[in-house]
Amino acid sequence: MTDVSAPQTKKRTGFQALEIDTRLLGMIGAFLVICIAFNVLTEGRFLTPRNIFNLTIQTVSVAIMATGMVFVIVTRHIDLAVGALLATCSAFMAMLQTRYLPDLFGLGLGHPLTPWITIAAGLALGTLIGAFQGWLVGYLTIPAFIVTLGGLLVWRNVAWYQTSGQTIGPLDPTFMKFGGINGTLGETWSWIFGILAVVWAIYALWSARRAKIAHDFPVKPAWAEATIGAIIAAGILGFIAVLNAYEIPSRRLERLFEARGEVMPEGFTASYGLPISVLLLIGVAIVMTLVAQRTRLGRYIFATGGNPDAAELSGVNTRLLTVKVFAIMGALCALSAVVASARLTNHSNDIGTLDELRVIAAAVIGGTALAGGIGTIYGAILGALIMQSLQSGMAMVGVDAPLQNIVVGTVLVAAVLIDTIYRKKTGGR
Amino acid sequence: MTPLCEMRDISISFGGVRAVDGVSIQVNPGEVVGLLGHNGAGKSTLIKILSGAYNADSGEIFVEGQKATITSPRDARRYNIETIYQTLALADNLDAASNLFLGRELTNWMGFVDDDRMEAETRKIMARLNPNFRKIKEPVSALSGGQRQSVAIARAVYFNAKILIMDEPTAALGVHETQMVAELIQELKKQGLGIFLISHDTREMLELCDRVSVMKNGRMIGTERVEDVTEDDILSMIIMGKKPEKAA
């Protein structure tokens, strides 16, 4: 064979040896630019522990759904019903924990099982509705755009119907711990979590390198590997340190002590630390990344997105795959419903409104191609973070509401334009 | 010698039209048999019966002398019959290893796909088929037509194909890449595979094949050794449906 291709073992020196995805770098760069710009414009109010904490918990709900949207878009579908589905799940869970379980099933208010039954039932409902929509798309071959456009109207108003449009609350105290500020790990446990995360990350890097060496594959130089490990460790621990720097206001602490019938010691301080909702997002991100990269399901999702005929000829059941993808999306909508309603401490009729657009925008800004076959979980989460930073940054600066949306819309289009140009320049991927 | 694969007296009709009418064809180990004919002559239909996509109305298939029952693509795979489709059934966004193992991924004890092992296997098979193939980790969209074709062929070879069906393998390729596929076919011949080749390019067929069979209107016009015929003989078989004078 006389095929000419570039030699495999190009010597990579300096920065190239790190082998960091340039797209990821670009997104992190854009995110940092946004943060620093707003920090300057708000005279240092943007990058405070308090604002970073708030930014994080505001992002979680959209970010969780965006990870599912990656799978949907990668398989060349779209889901316009995620916000409405979130509302239906939220309404169902709110009614379940405040009316049905205490009254109909006689558990009474504040039963310890209430939040767990509620969450399990909510997740089941979301998965079921998602699977149903997936069945309409996959087996009855109705375009996903139409199925979920209909779903948008249906589920938004099923939510309304369930609650008669009322705001339902207050929710169960344990349930509300998943919302953010009402449920955090506190300083010590946050540090423990951070250290465990660093240990795990370094172990993952090391074992991946060992596996490559075992197969005689080329590996990065050791210093490059160490640098990446150090950056990851610094990132994780820095994030924990920032969250731990946000202290609970002393008046709130006093009330906590009073509730327990104690007096707060003089000079006592405590930090919020890592919110449970963020922990949930991290868990979702890890599981979804594992599914995407290390399971047959994920492989088939990407193969189907790249070439549906090829997947079919290779024995992939693409119809069932569509059902699974939409079922995952539905489950994640339900999980987001837990976080969103818990954060607001009640279910309101407009919960999740326009979330479908935020979620799709997050996935697309994060590098998911609408043509299918391409997308990453971490990209979608970063995309959600960028969207949320823009929105709350502009609110802090005092940009007029109409201008805020004009900017967000422009950024979305510009991001896709840049991505298209980048892809043409680098050829593929 | 027992033929590696023999299709005997195969017939199939679609809505009253006899697409394939009593056709027999066989391939020996290390032999390339070309199927020629106009569009609609029945050659693709015949070969789809062998690959399991269609079920014949009558006739028998023998693999290594044993009667074979092939009713689905999965059956065909069980008899080590692999098909390389005209449209190159590859997922462009995945790398060579993922494509090679698509639908048959290697997994580790936890049930996760074992990318490292699949990459190692891909490197091994590619070293055999196309030693210059280096772009193991890149999406196949970054590969040339010939490289993509070698991924498709590797998929067939890796799973121990004994009988290979290639439907227009060079239709979308340039001159240089066509040459690559030709060399690959020679290599597979040496390894003892039996290959059915479908093409419109008469001259190419005379170069690649040991024997060529010509079909017209669902019937077999004749099978000739390539040494015995000229391009004109073949063309007249395709167009007129007549066997050349000297062979008759």
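What share of the contacts in chain B with a separation of 6 or more comes from residues 24 or more positions apart? In this predicted model, such residues account for 64% of those contacts. Chain B contains eight helices and ten strands. Its radius of gyration is 19 Å, close to the 18 Å that the globule rule gives for 248 residues, so chain B is as compact as a globular protein of that length. The C-alpha trace of chain B spans about 60 × 40 × 35 Å along its principal axes, and 46% of the 248 residues of the chain count as buried.

One strand of chain B can be followed in detail. In a regular strand, side chains alternate between the two faces of the sheet. Strand β6 (residues 81–84) of chain B is covered on both faces. Ile81(B) and Thr83(B) are buried on one side, and Glu82(B) and Ile84(B) are buried on the other. The strand β6(B) pairs with strand β7 (residues 163–167) of chain B in the parallel sense, over four bridges. Within this pairing, Ile81(B) stands opposite Ile163(B) of β7(B).

The next topic is the interface between the chains. Here 30 residues of chain B are in contact with 30 residues of chain A. On the chain B side, the elements that give two or more residues are α4 (115–129), α5 (145–158) and α6 (175–190) of that chain. Of these, α4(B) gives the most, with three residues. By residue type, the side of chain B that touches chain A divides into 14 nonpolar, nine polar and seven charged residues.

The largest nonpolar core has 175 residues, and the members that touch the most others are Ala66(A), Met69(A), Ala362(A) and Leu197(B). Helix α13 (residues 318–344) of chain A supplies the largest share of this core, 17 residues. Leaving aside neighbours within four places in sequence, Ala362(A) is in contact with Val62(A), Ala63(A), Ala66(A), Ala380(A), Gly383(A), Ala384(A) and Met387(A).

Helix α16 (residues 401–426) of chain A has 26 residues, which at 1.5 Å a residue should span 38 Å. Its end C-alpha atoms are 38 Å apart, in agreement with that expectation. The buried residues of α16(A) are Leu412(A), Ala415(A) and Asp419(A). An α-helix has 3.6 residues a turn, so residues three or four places apart point the same way. Among what covers the buried residues of α16(A) is α14 (355–365) of chain A.

Some backbone geometry in the loops of chain A remains. Most residues other than glycine have a negative phi, and most peptide bonds are trans. The peptide bond from Gly169(A) to Pro170(A), however, is cis, with omega near -5°. Pro170(A) is in the loop between α5 (144–163) and α6 (173–176) of chain A. Arg76(A), a residue other than glycine, has a positive phi, near 70°. Arg76(A) is found in the loop between α2 (49–74) and α3 (82–104) of chain A, and is partly exposed, with 17 other C-beta atoms within 10 Å. Thr345(A) is not a glycine either, yet has a positive phi of about 65°. Thr345(A) lies in the loop between α13 and α14 of chain A and counts as partly exposed, with 15 C-beta neighbours inside 10 Å.

Notes: Residues numbered from 1 in each chain as written. Chains lettered and ligands numbered in written order. Predicted model: local features only at pLDDT ≥ 70, side-chain atom pairs only at ≥ 80, totals over all residues. Core = buried A, V, L, I, M, F, W, Y, C linked by C-beta atoms within 7 Å. Buried ≥ 20, exposed ≤ 12 C-beta atoms within 10 Å, placed from the backbone. Contact = placed C-beta atoms within 7 Å. Nonpolar A, V, L, I, M, F, W, Y, C, P; charged D, E, K, R; others polar. Expected span 1.5 Å × (residues − 1). Rg over C-alpha atoms; globule rule 2.2 N^0.38 Å. Pairing = 2+ DSSP bridges.
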